[in-house]
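Visitor: I have a structure open and I would like to go through it piece by piece. Can you help me read it?
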Amino acid sequence: MANPAMSRVTRVRRHLPTSPWLFAAPGLLITGVFVLYPFVSTLVNSLTDRRTLIPGHFVGLANFRELLHDDMFWTGLRNSSLYVVGVVPALVILPLLLALLVQKNIPGITFFRSAFYTPVVASIVVVGLIWVWLLDERGLVNSLLEAVGIGRVGFLSDQWLLLLSAMAVTVWKGLGYYMIIYLAALANVPRELHEAAAVDGAGPVRRFLTVTVPAVRSTMVLVAALSSVAAFKVFSEVYLMAGPSGGPAGEDTTLVMLVQRTGTGLTGRVGYASALSVVVFVVTVALMLLVLRTDRREES
Amino acid sequence: MHLTRRTFAAVAAAALLLPLSACGSGDDDGGSTDASGKVEGDITFQTWNLRANFKDYFEGVIAGFEKKYPGTHVKWIDQPAEGYADKLSADAAGGTLPDVVNVSPDLLAPLAKAGLALDLDKAAGKYKSEYLQGAWTGHQVPGMSGTYAFPWYLNTGPLFYNKSLFEKAGLNPDQPPKTYDELFADALRMAKQSGGKVATLANVPTVEDFGRYGVPLMNDQGTGFAFNDPKGVRLLTKYKELFDAKALDTQALTATPESSGKKFLTEAVAMNPGSALDLGNFKKNAPNLYKNIGITDQITSTGHVNMYVMGVMVNSRTEHTPAAVAFAHYVTDAENQMSFAKKVAIFPSTAGSLDDPYFTKEDGTDETRVRIAAAKSLKNAVNYTPVLFSEQMKTALRNEVARALQGKESPEAALDNAVKACDRLLQQQG
């Protein structure tokens, strides 16, 4: 007769290798179906001339060669890169200042924290439409500018102003989100450090630069990494404000807008759009690595 | 059960290789092209943004069909106007295209080229004589033999104008421009009189504008675009003049149909194309505009207005070809088209229907006057949208037009570039 204790151990041992996989299975399945498969599929499609309704043939690197000669690709790359340059510094610094502002526990501060966070939860379509109404040639902002004698400004008709307006919306919408991240980081900065600096005669600006910034530096790196990836992949803000054509003569088209425009519809060039997506992926990963490398260099 | 490394590697390899299987596969697992069998079975019917206003009408049509053909069941799906092409492409690529689908000729062309639209010359050629010849041939695709959709309703689309703004500019509100030359003269005057505050147009010229100006859109063989001829350059040069004088709205370069509709509603723009459904919108949201609304025909210098054609195609892979063909024909037959036309300002594509007293006899009302005028202009209307003109081509033309209007390129260079880009896209379509 078998020892019951031994038999249980054997049973457990027999099932042990399977159990972790079973627990991980739902996550693996979802990742496989919605992340891995589309990713690999995009890589494969980028090497074909596949269209929406016509299965493609292997064309090697022809799509990548073509995009090097495509003016719209360079326009998209320029705009997506400018978006990173314009938006990331603002999203690293402004939410930190905002967090410092609402960090103090004074009566009514919860209202301001909620108010600053509201744009984050608002639908991007609603936000986009509101800003389009505000910045329209006959909108509120232009009426005010005209009233003070500046005259109407073509926020939605000038190529560069349009891109700047879209950046402003991205920053406005993202402030609250990154503010929350900074609030959590600021809560971990020891009060004693500030007190010691104050005793040594450091003013508020000096304390901010020598105490606060070093203490939240890793959070700033995180915010820089997150916001640069999001900025490079911008779509909604520019699409809503510049229209499906990507602004006047398509000059405000971003790379992701180009992917959407090229690869969708009944005559969509899925192969070429996939090649564009691969470029977006490579640049995004490069951006992340650049931010992390900069951080490591500063640390060392 | 052990999940070995080998098993894991096999699963990973399958995940990596599965997408490759999509390459080069194009097996036609379609249904029969024979529509002569018994009309029975469940079919799906997809319309394009029609449920909101015509639910009762379509339910009546479906009930009538199911009664006429016992053993059939029609499931009706309606898709919103926005993103209709994307919805069709997703369904077509995923193999879930409905059995009977509402399409326009430019949407039909890629579906037919992919072998997804049933050739009705073969499957339903006996019905051909029931329709206007131009409407039937309007669903043929250059480079392919056959006809791929039943003609459905036709429209020319009215052009609305603001009589009050015309009057303020010293223009006769009862004599709106008819030709492009008249339009350009009136628009420049309107801009001058209003100090650039009121534009006449909110949109840059489209391929249909080039067509109505008398510009040849494609070469005789239908193998390449030709709108960069001297007449096309003249049209774009004139639009540049309008843009510089603010007779064309300053935000026209990024305008969408929605944004230009809003400009017209707020009386920032004096003329805007639309549909009969817009009248209700004006009445509700801009009563002041509604009081001063003028309705006229599209601007044309060829004597022919642009005709918008709707069709109903049958999915070539339907499992119930006889039922799908019978239903597509039923929806588009003379009786049902006439009944639909009495509910909304559209016009039947069936032979002889436009001679019905409903489209010829005055009863003293403005509505009837507009309907009769539209039916009359429809008799020699032309579908100026080239069947093979894809969304990507529209964007290419629009971007080059915008460059010319901004002065970044000459109109000539802009049109040359647009034609080059459209020709390249045409070749890539195969």
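This is a predicted model: local features need pLDDT of at least 70, side-chain atom pairs count only at pLDDT 80 or more; totals for chains, interfaces and linings use all residues.

Visitor: Which helix is R206(A) in?
Guide: R206(A) belongs to helix α10 of chain A, residues 204–215.

Visitor: What is chain A built from, then? How many helices and strands?
Guide: Chain A has 14 helices and 0 strands. Along the sequence the pattern is therefore one α after another.

Visitor: What radius of gyration does chain A have, against a compact globule of its length?
Guide: The value for chain A is 25 Å, whereas a compact globule of 300 residues would have one near 19 Å. The C-alpha atoms fill a box of roughly 95 × 65 × 40 Å along the principal axes.

Visitor: What share of chain A is buried?
Guide: Of its 300 residues, 36% count as buried. As for contacts in chain A with a separation of 6 or more, 70% are between residues 24 or more positions apart.

Visitor: I see a helix at residues 71–103 of chain A. How does its span compare with what it should be?
Guide: That is α4(A), with 33 residues. At 1.5 Å a residue it should span 48 Å, and its end C-alpha atoms are 47 Å apart, so the two agree.

Visitor: Where does α4(A) bend?
Guide: At V87(A), by about 25°. A proline, P89(A), follows within four residues.

Visitor: Over to chain B. How many helices and strands are there?
Guide: Chain B has 19 helices and 8 strands. Its radius of gyration is 24 Å, close to the 22 Å that the globule rule gives for 430 residues, so chain B is as compact as a globular protein of that length.

Visitor: What box does chain B fill, and how much of the chain is buried?
Guide: The C-alpha atoms of chain B fill a box of roughly 80 × 60 × 45 Å along the principal axes. Buried residues make up 45% of the chain. Among contacts in chain B between residues at least 6 apart in sequence, 74% join residues at least 24 apart.

Visitor: Pick a residue in a strand of chain B. Where is W152(B)?
Guide: W152(B) is in strand β4(B), residues 150–155. W152(B) is buried, because 26 other C-beta atoms lie within 10 Å and the cut-off is 20 or more.

Visitor: Which residues does W152(B) touch, leaving aside its neighbours within four places?
Guide: M310(B), G311(B), V312(B), T332(B) and S349(B). The C-alpha atom of W152(B) is also 9.4 Å from that of V103(B), and these two residues are 49 apart along the chain.

Visitor: What about β5(B)? Which residues are on each side?
Guide: In β5(B), residues 159–162, L159(B) and Y161(B) are on one side and F160(B) and N162(B) on the other. All four are buried, so both faces of the strand are covered.

Visitor: Which strands does β5(B) pair with?
Guide: β5(B) pairs with β6(B), residues 271–273, in the antiparallel sense over 3 bridges. β5(B) and β7(B), residues 293–296, also run antiparallel, joined by 4 bridges. L159(B) stands opposite P273(B) in β6(B), and its bridge partner in β7(B) is T296(B).

Visitor: New topic: α10(B). Which of its residues are buried?
Guide: G232(B), V233(B), L235(B), L236(B), Y239(B), L242(B) and F243(B). The buried residues of α10(B) pack against α8, α9, α18 and α19 of chain B.

Visitor: What follows α10(B)?
Guide: K246(B), whose phi is positive, near 65°.

Visitor: Last one: how many residues are in contact between the two chains?
Guide: 42 residues of chain B are in contact with 37 residues of chain A. On the chain B side, α1, α3, α4, α18 and α19 each supply at least two residues. The largest share, 8 residues, comes from α18(B). That side divides into 20 nonpolar, 18 polar and 4 charged residues.

How values were computed. Residues are numbered from 1 along each chain as its sequence is written. Chains are lettered from A and ligands numbered from 1 in the order in which they are written. Two residues are in contact if their C-beta atoms, placed from the backbone, lie within 7 Å. Ala, Val, Leu, Ile, Met, Phe, Trp, Tyr, Cys and Pro count as nonpolar, Asp, Glu, Lys and Arg as charged, and the others, Gly among them, as polar. A residue is buried if 20 or more other C-beta atoms lie within 10 Å of its own, exposed if 12 or fewer, and partly exposed in between; C-beta atoms are placed from the backbone. Two strands pair if DSSP finds at least two bridges between them. The expected span of a helix is 1.5 Å times one less than its number of residues. The bend at a residue is the angle between axes fitted to the seven residues ending there and the seven starting there. The radius of gyration is taken over C-alpha atoms; the globule rule is 2.2 Å times the number of residues to the power 0.38.
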